[in-house]
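Subject: Handing over the structure

Dear colleague,

Please find the structure below, with the sequence alongside. My notes on what was found follow directly after.

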Amino acid sequence: MHTQTRGDSLRSIYTYPWDLFDTGVSNFVDEALALNLNGVTLATSYHAGKFLRPQARQGAVVFPEDGVVYFEPDAGGYEEVRPLAHSNPVLRKGLDAVLADGRLSVHGWTVLLHNSRLGAMFPQYTCQNAFDESYVYSLCPMQPAVMAYAVNLCRDLGAQYPLASLVLETPGWLPFAHGYHHEFAQVKSNVWLDGLLGTCFCPACLHAFRLGGLDAGAIKTWTAARIRQYFAACDETGADQAAAWISADLLQDEAWRAVQQIRQQRVTELVQAIRQAVPARTQLTVIPTVQRPTAMCWQEGSDLAALAQVADRLEIPFYEPSAARVVADAMHCLTRVAPEKVRAILRPGTPDLGDGRELGEALQGLAQQGVTEFAFYNYGLLGTRRLQALGQQLAHFHGVRS
Ligand SMILES: [Zn+2]
């Protein structure tokens, strides 16, 4: 059983299994409690990367295996697309270890559709742009086999582990700009162009657009033509221009708006199916975006209000460089979602709220808007000084004696 009690609102720390075991489970929990944290949000399914680990006991840099899960998946619980387990059995025991320790509430951080390993194995299920080019890093949620994979993965985790919550990341389409190493471009990107390049026209999406009464072929042609026009005329544009073009296109073009709504409905449907597959003892939270600001999340198929209806909470990464921007982003989210449906993720270090005072102001600003649950990113990536500043701000914030 975890120790979080009513009135003791959640303060969880995002953590990778390799950092958990490097510190040692018991040491890690001691340290988290000393920092006034009361939960751990442990990766259960994660992608590749290159991580600098300032406080690691062993080594300093890790390149984790791509697209694997950090638990023992139930072999009988999947259909065509099934998860790949990490090759090191020790790293598959993190959830068991923190649950057995029992002093922190345990949250399963589960990356769903950003998975290049599965994308390479199942290219027919990846996103395809308006030129029929596949994005290996992004499985398309419109594909029934992909939806089955996501639901089965969450059912498996929910059945095996008494998690306080299951935290879903990338339940929809990845933005164009996120996710591949060695990206090259000598045309300056912008949110308008990324939106066009990131819209999927795979057979399942074209089929969904047709079911929605749209001329799917014409929308695909329109999208490709816009991209070509941009390349022919521009090398770069201002962020203000790109943002205005997005609103103008959505207002002017009913079919383009309908495409976005069909995509949002699909992601909502996927999250709803996951809620039904996971035991009621486990809350379901959704990270609606990997972009800034949160209001751009519709490009990934996230509809904040609809997701808050089908999930228990939204877990919103307020990754901003100042407390004022955190508060402003939250204000806009809270025009769509009640504050008790929001768990805030803050990054108490470079490139965000590095200064402890800014972190304290962000916590206060969110609390003043009614947000009571917090998570912090990320144990292994933060230096010791930043972790200590986090602990001090939490002590101050909650009146906990440190
Ligand atoms: Zn698609």
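Proline 351 is found in the loop between β13 (342-346) and α13 (356-368), where helices (H or I, at least four residues) and strands (E, at least two) are DSSP runs, numbered from the N terminus. The peptide bond that leads from threonine 350 into proline 351 is cis, with omega near 5°. Before going further, please keep in mind that this is a predicted model, in which local features need pLDDT of at least 70 and side-chain atom pairs count only at pLDDT 80 or more, while totals for chains, interfaces and linings use all residues. Residues are numbered from 1 along each chain as its sequence is written, and side-chain values use heavy atoms, with hydrogens and water left out.

Arginine 385 and glycine 349 are 36 residues apart along the chain, and their C-alpha atoms are separated by 9.5 Å.

Asparagine 36, in the loop between α2 (25-34) and β2 (39-46), has a phi near 65°, a positive value in a residue other than glycine, and asparagine 36 counts as buried because its relative accessibility is 6%. Threonine 170 likewise has a positive phi, of about 45°, although it is not a glycine. Threonine 170 sits in the loop between β10 (165-169) and α6, and it counts as buried because its relative accessibility is 7%. As background, most residues other than glycine have a negative phi, and most peptide bonds are trans.

The metal site comes next. The zinc ion is coordinated by the SG atoms of Cys140, Cys200, Cys202 and Cys205, at 2.3 Å, where donors are N, O and S atoms within 2.8 Å of the metal (3.2 Å for Na, K and Ca), and water is not among the atoms, so sites may look incomplete. The angles among the 4 donor atoms run from 100 to 117°, and the site is tetrahedral, a label given to four donors if all angles lie between 85 and 135 degrees. Along the sequence, the donor residues of the zinc ion follow the spacing C-x59-C-x1-C-x2-C. Cysteine 200 and cysteine 205 are both buried.

The lining of the largest cavity consists of Trp192, Gly195, Leu196, Ile246, Asp249, Trp256, Trp298 and Gln299. Both α6 (191-198) and α9 (239-252) supply at least two residues of that lining, and α6 gives the most, with 3 residues.

Finally, helix α5 (residues 144-160) has 17 residues and reaches 24 Å from its first C-alpha to its last, close to the 24 Å expected at 1.5 Å a residue, the expected span being 1.5 Å times one less than the number of residues. Helix α5 is mostly covered, with 13 of its 17 residues buried.

With best wishes

Note on methods: Four donors count as tetrahedral if all angles lie between 85 and 135 degrees; four count as square planar and six as octahedral if opposite donors are over 155 degrees apart and all others between 65 and 115; anything else is irregular. Buried means under 20% relative accessible area, exposed over 50%, partly exposed in between (1.4 Å probe, protein chains only). On a 1 Å grid over the protein atoms alone, a cavity is a set of points where a 1.4 Å probe fits but cannot get out, and a pocket is an open set with protein on both sides within 12 Å along at least five of seven lines; lining residues have an atom within 4 Å of a point.
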